[in-house]
Every structure is written in C-alpha cells, then in structure tokens.
Amino acid sequence: MVNHEEIIIRIINNNKQYLAYLQAIRSYTQETLWIGGGFIRTIVWDYVHEHKYPTEFIDIDVFYYQPNYLQKEKDLEIEIYLHTVYPNAHWSVKNQARMHIHNNEKQYESLEEALRKFPDTASTIAVRLHKDDSFLFIAPYGYKDLFNLDVKPTPICLQSKTYLSKYRQRIIEKGWEKKWQNLKIYHI
C-alpha cells in the first residue's frame, strides 16, 4: 500500500527550499504554524506529472488556529517575521479561526474543521515539522484525490450553493489544467 505521507516527506526532503519553508515556520514559537493549500497541492502535482522543474509558488499558504485573537494584525506580524527568516518567499498567513467570518458561519473549532471547509479536497492538506524534525500532517479528506489528480469539491462544498459557487469560481480563476494537463477537474 502506498504511503502518501512518506512520498510528500521524500519530495520535501529532496528540495532544500521546501524544507527551508517548513523550518522557517517552525522557528516561529508564538503559534503553531502549518503550511498547506497550494504548497502541498503543487509539489504533489509536480511529482505525479514528473515535472523536471518545480512550479513556482504564487505564495506559501501558512495556517494557524488562534480563536482568542481574530484580528488580521497577527497574520501580518507573522508574515513580517517569516520574511526576516526567509525573505525570498511570498508568505500568506491566515488564522483559520477567523475564516468562519468569511464564510458567514459559526466559529470553527479547530484547524482541521477549517480545512474541511476549503472548496476542493486537493487543497485541504497541511504539514509542519515537529521539534524532532518529524513531519506532522492534517488531511481531513486523505490523500487519494490529490495523488489521483482529482480536483473535486469537498463534501461540505456539495451541501451548499454558496460553497459550490466558490468552488466553480476557483476552478475558473486558478487555471490549474494549464500547468498540470492530467488533472481530472470535476465541473459540478
């Protein structure tokens, strides 16, 4: 049986830049930071497509969950810190405890719950380095869709016209099939 986490770990360990991103977020000690979204999706899709050169990141999605402090200033503070540690990356930090406001819902109870609310399953995975250099993952929908190149709406997305509309808009805006031709995009 294929261990998808081991494949992701191998991809990251074989690229000094990817590992440096994880080391940078680990060095911030005031919050537990995770990298996810486009980072994991991009490195896996490049791997499955056997791209010779890694696709450049538009940004590095950094997530944390702090329900007691919902102001965007904390996100900016963390971004500034990360720029001092790794200045060549475009960091995009978001407290996922605040994302319920964007979705007009009650506050999420965890980072995993917030990830479940993402539009597509391929973007719901997050990773971080533990102090002992082991990798920790959150993958509420698993890895199958990501590695099978299936771009599908999350189950929560399918239950809501608002979420489904966001999924459809995202598919149009991202244009992923131009970079990764073997994707199977579910147009629902």
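Reader: Where does His100 lie?

Author: His100 lies in helix α5. Helices here are DSSP runs (H or I, at least four residues) and strands likewise (E, at least two), numbered from the N terminus. Keep in mind that this is a predicted model: local features need pLDDT of at least 70 and side-chain atom pairs count only at pLDDT 80 or more, while totals for chains, interfaces and linings use all residues. Residues are numbered from 1 along each chain as its sequence is written, and side-chain values use heavy atoms, with hydrogens and water left out.

Reader: Ok, is His100 buried or exposed?

Author: His100 counts as buried, at 10% relative accessibility. Buried is under 20% relative accessible area, exposed is over 50%, and partly exposed is in between (1.4 Å probe, protein chains only).

Reader: And what does His100 touch?

Author: Not counting residues up to four places away in sequence, His100 touches Leu70, Glu105, Lys106, Gln107 and Tyr108. Contact means heavy atoms within 4.5 Å.

Reader: How many salt bridges does the structure hold?

Author: Nine. One of them joins the side chains of Arg98 and Asp75, at 2.6 Å from N to O. Arg98 sits in the loop between β3 (91-95) and α5 (99-102) and Asp75 in helix α4 (residues 72-85), so this pair ties together parts that are 23 residues apart in sequence.

Reader: Are Arg98 and Asp75 buried or exposed?

Author: Both Arg98 and Asp75 are buried. For another pair, take Lys152 and Asp145, whose side chains meet in a salt bridge at 3.5 Å, N to O. There Lys152 is partly exposed at 26% relative accessibility, while Asp145 is buried at 15%.

Reader: Switching to helices. What's the angle between α1 and α3?

Author: Helix α1 (residues 4-13) and helix α3 (residues 38-49) pack at about 90°, with their axes 10 Å apart. Axes are lines fitted to C-alpha atoms, for helices over the stretch in contact, and angles run from 0 to 180 degrees between N-to-C directions. α1 and α3 are therefore roughly perpendicular, a label for angles of 65 to 115 degrees; under 35 is roughly parallel, over 145 roughly antiparallel, and the rest oblique.

Reader: Which residues meet there, in α1 and α3?

Author: From α1 you have Ile7, Ile8, Arg10, Ile11 and Ile12, and from α3 Phe39, Ile40, Ile43, Val44 and Tyr47. By class, the contact of α1 with α3 has nine nonpolar residues, no polar ones and one charged. Ala, Val, Leu, Ile, Met, Phe, Trp, Tyr, Cys and Pro count as nonpolar, Asp, Glu, Lys and Arg as charged, and the others, Gly among them, as polar.

Reader: What about α1 and α2?

Author: Their axes come within 6 Å and cross at roughly 100°, so α1 and α2 are also roughly perpendicular to each other. Ile11, Ile12 and Asn13 in α1 meet Tyr18, Leu19 and Leu22 in α2. That contact has five nonpolar, one polar and no charged residues.

Reader: Which residues have the most contacts inside the largest nonpolar core?

Author: Phe39 and Trp91, in a core of 51 residues. Helix α2 (residues 16-26) gives the most to this core, with six residues. A nonpolar core is a set of buried Ala, Val, Leu, Ile, Met, Phe, Trp, Tyr and Cys residues joined through side-chain atoms within 4.5 Å. Phe39 touches Ile12, Tyr18, Tyr21, Phe57, Ile60 and Val127, leaving out residues up to four places away in sequence. A second, separate core of seven residues includes Trp34, Phe63, Ala126 and Ile138.

Reader: Last topic, backbone. What's phi for Glu50?

Author: Near 55°, a positive value in a residue other than glycine. Glu50 is in the loop between α3 and β2, and it is exposed at 69% relative accessibility. Asp133 also has a positive phi, about 75°, although it is not a glycine. Asp133 is found in the loop between β4 (126-129) and β5 (135-138) and counts as partly exposed at 46%.

Technical notes
A salt bridge is a side-chain nitrogen of Lys or Arg within 4 Å of a carboxyl oxygen of Asp or Glu.
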